[in-house]
Amino acid sequence: MRAQFVLSEIGVGLRRNLTMTFAVIVSVALSLALFGGSLLMSDQVSTMKGYWYDKVNVSIFLCNKHDAETDVHCAKGAVTEDQKKQILADLKQMPVVEKVTYESQDEAYKHYKEQFGNSPLAGSLTPDQMQESYRIKLKDPQKYQVIASAFNGRDGVQSVQDQKGILDNLFQLLNLMNRGALGVMAMMLIVALLLIVNTVRVSAFSRRRETGIMRLVGASGFYIQAPFIAEAAVAGLIGGGLACVALVLGRYFTIDHGMDLSHKLTLINFVGWDAVLTKLPLILATSVLMPSLAAFFALRKYLKV
């Protein structure tokens, strides 16, 4: 009987404040969709870091005869065979180095033509203008400075470059976008909480006669509060469900189908469905707990029970 009363009161409350209930559902849905999207963005950045940092190379570019005329780092002339052998031997002895690959001038010229063949500059370049290099795969990409400090300024070395620096700029941009999404999510969450509090108070005020009678007949505080808390929880749960649907559809239509980014951007290792599905229970739990707690604390002061 009591359960039937609580359920009937929930239905009455939701219908009585239909406009504000709709606003609560929409605001909860948007804020939790942004929350889930931010979590997925964080996972995506971590996945991309693991994927790309594992492919990062440190490149040691060697001086050629043209560099000897124009570059101060090659003032002592082009690299010699003895210098190349010594650099290679020193690299192989370093514990941070996993693999060393040598790229000749002809190979560098071929790779340049493949990547920038349409560039006006490509027609004026010759293989002897390209630089020989050692491409180093590190066991830990964070140890770039070990290579840089050991070979920068060395005879025959024009420069030491780390591809990780380029990737760091990309990941900083992605993290900035993620923090922006979290900021918008926080504002939407505050709006949702305020709407929940106002909706509960309006509902309590409209039913003040019933609650007053219930107090007079000895009803417990929780028994009086339960329908209001349940109303907020149901509205929040509907909003959480919509947020889950939005995340699933967003993943489906942007990555798998529709925009089909998984095939168009093959260089990006996108997060899988397991990452999406593990976020859904958290979103649903938050959608119930957040409105329930907001309603509970709002009613404690308002009903004075």
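Why does V245 count as partly exposed? V245 counts as partly exposed because its relative accessibility is 45%; buried means under 20% relative accessible area, exposed over 50%, and partly exposed in between, with a 1.4 Å probe and protein chains only. The model is predicted, so local features need pLDDT of at least 70 and side-chain atom pairs count only at pLDDT 80 or more, while totals for chains, interfaces and linings use all residues. Residues are numbered from 1 along each chain as its sequence is written, and side-chain values use heavy atoms, with hydrogens and water left out.

V245 lies in helix α9, residues 221-256. Helices (H or I, at least four residues) and strands (E, at least two) are DSSP runs, numbered from the N terminus. V245 also belongs to a nonpolar surface patch with L249, Y252 and F253. Patch members have over 30% relative accessible area and no salt bridge; nonpolar side chains (Val, Leu, Ile, Met, Phe, Trp, Tyr) are joined within 5 Å, like charges within 9 Å. A salt bridge is a side-chain nitrogen of Lys or Arg within 4 Å of a carboxyl oxygen of Asp or Glu.

Now the whole protein. It has 11 helices and 4 strands. Of its 305 residues, 40% count as buried. Its accessible surface comes to about 17,300 Å², and carbon and sulfur atoms hold 63% of that. Among contacts (heavy atoms within 4.5 Å) with a separation of 6 or more, 81% join residues 24 or more positions apart.

Turn to the rings. The whole structure holds 3 aromatic pairs. Rings of Phe, Tyr and Trp (its six-membered ring) pair if their centres lie within 6.5 Å; planes under 30 degrees apart are stacked, over 60 edge-to-face, the rest tilted. Y102 and Y134 form a tilted pair, because their planes meet at 55°, with centres 5.6 Å apart. This pair links distant parts of the chain: Y102 is in strand β2 (residues 97-103) and Y134 in strand β3 (residues 133-138), 32 residues apart. Y102 is partly exposed at 34% relative accessibility, whereas Y134 is buried at 4%.

Y252 and F253 have ring centres 5.0 Å apart and planes at 90°, so they are edge-to-face. Y252 is partly exposed at 33%, and F253 is partly exposed at 44%.

Conventions:
Accessible areas come from the Shrake-Rupley method with a 1.4 Å probe; for residues, only the protein chains shown count as cover.
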